[in-house]
Amino acid sequence: MSETFSPTMPLGLVEALHNARRIAVLTGAGISAESGLPTFRDPMTGLWASYRPEELATPQAFRRNPRLVWEWYAKRREMAAQVAPNAAHLALVEIERHVPAFTLITQNVDGLHQRAGSHNVVELHGNIARTKCFDEDVVLDSWEGTGEVPPRCPRCGGMLRPDVVWFGEQLPEQAFQTAIEAAANCDLFFSIGTSGIVEPAASLTQLARHMGATIVIINLEVARLVEGKLYHLNGPAGKILPALVRAAWPQ
Ligand code: BJW
């Protein structure tokens, strides 16, 4: 049944996509859900359904229990490496091929957009595959395993941590600046698979809207408000995005 799901796309949106010259896309955990990675806030399967964010995704949590945090991320790193990009990631690669200026801003740390073949990817919350020193904030390519968990920095002996952005930490400055510019200057802004709760990423959608872009929201949440230049498409991104691409650029 779901294999034949083929949503009908609003004509105004199909035309806006076909004609867009500058597109910015903000993605969140929902776009990787169909690859098999859990989201954060799904009440049943989300990562925060089993763990409290303050116990895992803050610098304070890491100081308090570095082993727990390191091992939680090690498990997620393995999961991310084992799954493949899905139809939604691939549809964004296709859109990038058609549009002169395309910026893919992701809150995800799983690297699936790059693995799908997207080129202009801006990582707002880091990448789980990278490791950095907790004390020096320096990203490391390699280190000697001594059996310690977490491993130690070969430069200063401090603890190593994943290169992701935890609550209370600043986003990478250059990435955030690029994201702001893309959101402020696009014709069409997509928000895909994100609850839009976490700041400052969530405000990018408001910025794009304020600057006059057409906004497209794709997630599983029921639309609260839909009005001029705002499309809320309710359903799985892996079905909706390919259908939208097919409608905008029929073979
Ligand atoms: C599907 C689908 C399918 C499912 N198809 N859709 C202003 C007000 C209040 C608080 C703040 C504020 N400004 C800053 C803050 C504090 C804080 C914050 O935002 N708190 C909120 C909880 C309120 N922000 C920060 O601390 C940020 N730093 C910062 O602001 O620095 C400046 C500063 C410093 C010090 C003091 C004050 C300011 C940093 C935020 C870092 C977030 N980090 C995490 C963890 C990353 C590492 C890791 O992966 O573990 O990032 S938290 C987590 O949430 C992760 C995600 O990137 C992020 C967003 O989640 P996302 O992607 O939206 O996932 P979900 O689960 O929420 O939603 C999934 C969606 O998908 C749903 O809508 C589903 O319907 C949908 N879906 N399946 C389509 N198949």
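Leaving aside its neighbours within four places in sequence, which residues is Asp110 in contact with?

## Asp110 and its surroundings

In this predicted model, where local features need pLDDT of at least 70, side-chain atom pairs count only at pLDDT 80 or more, and totals for chains, interfaces and linings use all residues, Asp110 is in contact with Ser32, Leu37 and Ala80, once its neighbours within four places in sequence are left aside; contact means heavy atoms within 4.5 Å. Residues are numbered from 1 along each chain as its sequence is written, and side-chain values use heavy atoms, with hydrogens and water left out.

Asp110 sits in the loop between strand S2 (101–106) and helix H7 (112–116), where helices (H or I, at least four residues) and strands (E, at least two) are DSSP runs numbered from the N terminus. Asp110 is buried but has no salt bridge, and Arg115, the nearest side chain of opposite charge, is 7.3 Å away. Here buried means under 20% relative accessible area, exposed over 50%, and partly exposed in between, with a 1.4 Å probe and protein chains only, while a salt bridge is a side-chain nitrogen of Lys or Arg within 4 Å of a carboxyl oxygen of Asp or Glu. For charge, Lys and Arg count as positive and Asp and Glu as negative, whereas His and the chain ends are not counted. The side chain of Asp110 does make a polar contact of 2.6 Å with the side chain of Ser32, and it reaches the backbone nitrogen of Leu112 at 3.0 Å. A polar contact is a pair of N or O atoms within 3.5 Å; within protein, one must be able to donate a hydrogen and the other to accept it, and residues adjacent in sequence count only if both atoms are side-chain atoms.

## The nonpolar core

The largest nonpolar core has 30 residues, and those with the most contacts inside it are Ile23, Phe190 and Leu241. Such a core is a set of buried Ala, Val, Leu, Ile, Met, Phe, Trp, Tyr and Cys residues joined through side-chain atoms within 4.5 Å. At least two residues of this core come from each of helix H1 (11–19), S1, helix H6 (87–98), S2, S7, strand S8 (214–219) and helix H10 (237–248), and H10 gives the most, with seven residues. Apart from its neighbours within four places in sequence, Ile23 is in contact with residues including Leu17, Ile95, Phe102, Leu188 and Phe190.

## Helix H8

The buried residues of helix H8 are Ala175, Ala179, Ala182, Ala183 and Ala184, and they pack against strand S1 (22–27), S2, strand S3 (121–123), strand S7 (188–192) and helix H9 (203–210).

## Salt bridges

A search of the whole structure finds nine salt bridges. In one of them, the side chains of Glu71 and Arg67 meet at 3.1 Å, N to O; these residues are four apart in helix H5 (residues 66–82), and therefore separated by about one helical turn. Glu71 is partly exposed, with a relative accessible area of 36%, and Arg67 is partly exposed at 43%.

Arg161 forms a salt bridge with Glu169, with the closest N and O atoms 2.7 Å apart; Arg161 is buried, with a relative accessible area of 3%, whereas Glu169 is partly exposed at 24%. The side chains of Arg130 and Glu123 also meet in a salt bridge (3.4 Å, N to O), and both residues belong to a network of salt bridges that links Glu123, Arg130, Lys132, Asp137 and Asp163.
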